Amino acid sequence: MKIIKLEPKKFSEKIFQMKGISKKAVEEHLKLYQGYINKYNEIQEKLSQLTDDDFLKANQTYSLVRELKVELSFAWGGIINHEIYFSHLGGEGKISDSDLFKQIKKDFGSFENYKKDLKATGISARGWVWTAWNEKEKRLFNYLGDAQNTFPVWYAKPILALDVYEHAYFMDFGSNRGNYIDVFFENLNWKEIEKNFEKIFECYCENKCKCNEDCQC
Ligand SMILES: [Fe+2]
């Protein structure tokens with residue numbers, strides 16, 4: 001098996017100077033992110049060393065193959081979720097009159113409705129909430145996930161990730177998750193989220209026509 005060794009992403013220094021979310025909480029949180037990177041690399045090594053005997057013993061209740069495959073997806077989720085999360089933190093919380101803003105208003109009725117939906121989804125989740133573009137339905141939707149690797153939704157591309165695991169807020173907010181989500185909004189860098197949204201429509205053809213599908217170039 002090919003091994004793709006990952007390195008941690010470097011985030012903006014501004015994530016250590018946020019309003020309401022302490023430097024200490026972010027530092028501890030980043031250690032968890034580093035842990036997912038380490039485990040992702042370690043699991044790939046283990047997968048590359050599987051023997052014919054391990055393949056013969058594959059089993060859905062317990063087997064080394066199952067264990068490694070399940071936990072690889074958990075580690076991968078932990079990496080990607082945190083990379084989206086930390087990349088769009090450290091901002092002023094202001095959204096501009098962008099294509100994304102227009103799309104949010106189209107799909108949720110208003111920006112306030114979108115925030116209300118994201119907050120309630122965050123309070124209802126046990127791990128994550130993602131605002132994602134559903135390529136099939138051509139709309140934005142706030143999806144709920146109970147762990148790093150649960151509820152992947154096919155054709156949904158996340159542009160915003162809200163971590164609602166206790167480790168993300170207990171140090172600063174105790175059990176008041178709603179307050180944490182309000183502060184999360186105040187620290188968002190919407191330019192970064194707008195970029196995530198734009199990237200979805202980027203065409204990979206030479207002309208970068210942004211058509212995304214059925215390219216006529
Ligand atoms: Fe986290």
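Reader: How many helices and strands does the protein chain have, and in what order do the elements run?
Author: The model is a predicted one, and its protein chain has 8 helices and 3 strands. If we follow the elements from the N terminus on, the order reads α-α-α-α-α-β-β-β-α-α-α.

Reader: What share of the residues of the protein chain counts as buried?
Author: The C-alpha atoms of the protein chain fill a box of roughly 60 × 55 × 30 Å, taken along the principal axes. A residue counts as buried here if 20 or more other C-beta atoms lie within 10 Å of its own. Of the 217 residues of the protein chain, the share that counts as buried is 24%.

Reader: Into which domains is the protein chain divided, and what distance separates their centres?
Author: The division gives domain 1, which covers 19–87, and domain 2, which covers 99–200. Taken over C-alpha atoms, the distance that separates the centres of these two domains is 22 Å.

Reader: Which element gives the most residues to the side of domain 1 that touches domain 2?
Author: Between the two domains, 16 residues of domain 1 are in contact with 16 residues of domain 2. On the domain 1 side, the elements that give two or more residues are helix 1 (23–48) and helix 3 (64–87). The residues of this side divide into 6 nonpolar, 8 polar and 2 charged. With 8 residues, the element that gives the most is helix 3.

Reader: In what order do the strands of the open sheet lie, and which of them are the edge strands?
Author: The open sheet is formed by 3 strands with antiparallel pairing, and their order is 2-1-3. Neighbouring strands of this sheet are turned by 25° against each other on average, direction ignored. An edge strand pairs on one side only, and this holds for strand 2 and strand 3 (156–163).

Reader: How many residues lie between strand 1 and strand 2 in their hairpin?
Author: Strand 1 (residues 128–134) and strand 2 (residues 139–145) pair in the antiparallel sense over 7 bridges, and one of the pairs joins Thr-131 to Asn-142 in strand 2. In the turn of the hairpin, Lys-138 has a positive phi of about 55°. The number of residues between the two strands is 4.

Reader: Why do the buried residues of helix 4 lie on the same side of the helix?
Author: In helix 4 (residues 99–108), the buried residues include Leu-100, Ile-104 and Phe-108. They lie on the same side of helix 4 because the arc that they cover around the axis is only 45°.

Reader: Against which elements do the buried residues of helix 4 pack, and which exposed residues does the face turned away carry?
Author: The elements against which the buried residues of helix 4 pack are helix 5 (111–124), strand 2 and helix 8 (190–200). After helix 4 comes Gly-109, whose phi is positive, near 95°. The face of helix 4 turned away from its buried side carries the exposed residues Asp-99, Lys-102 and Lys-106.

Key. Residues numbered from 1 in each chain as written. Predicted model: local features only at pLDDT ≥ 70, side-chain atom pairs only at ≥ 80, totals over all residues. Pairing = 2+ DSSP bridges. Domains from an automatic or database assignment. Contact = placed C-beta atoms within 7 Å. Nonpolar A, V, L, I, M, F, W, Y, C, P; charged D, E, K, R; others polar. Buried ≥ 20, exposed ≤ 12 C-beta atoms within 10 Å, placed from the backbone. Arc of directions from axis to C-beta. Axes fitted to C-alpha atoms, helices over the stretch in contact; angles between N-to-C directions.
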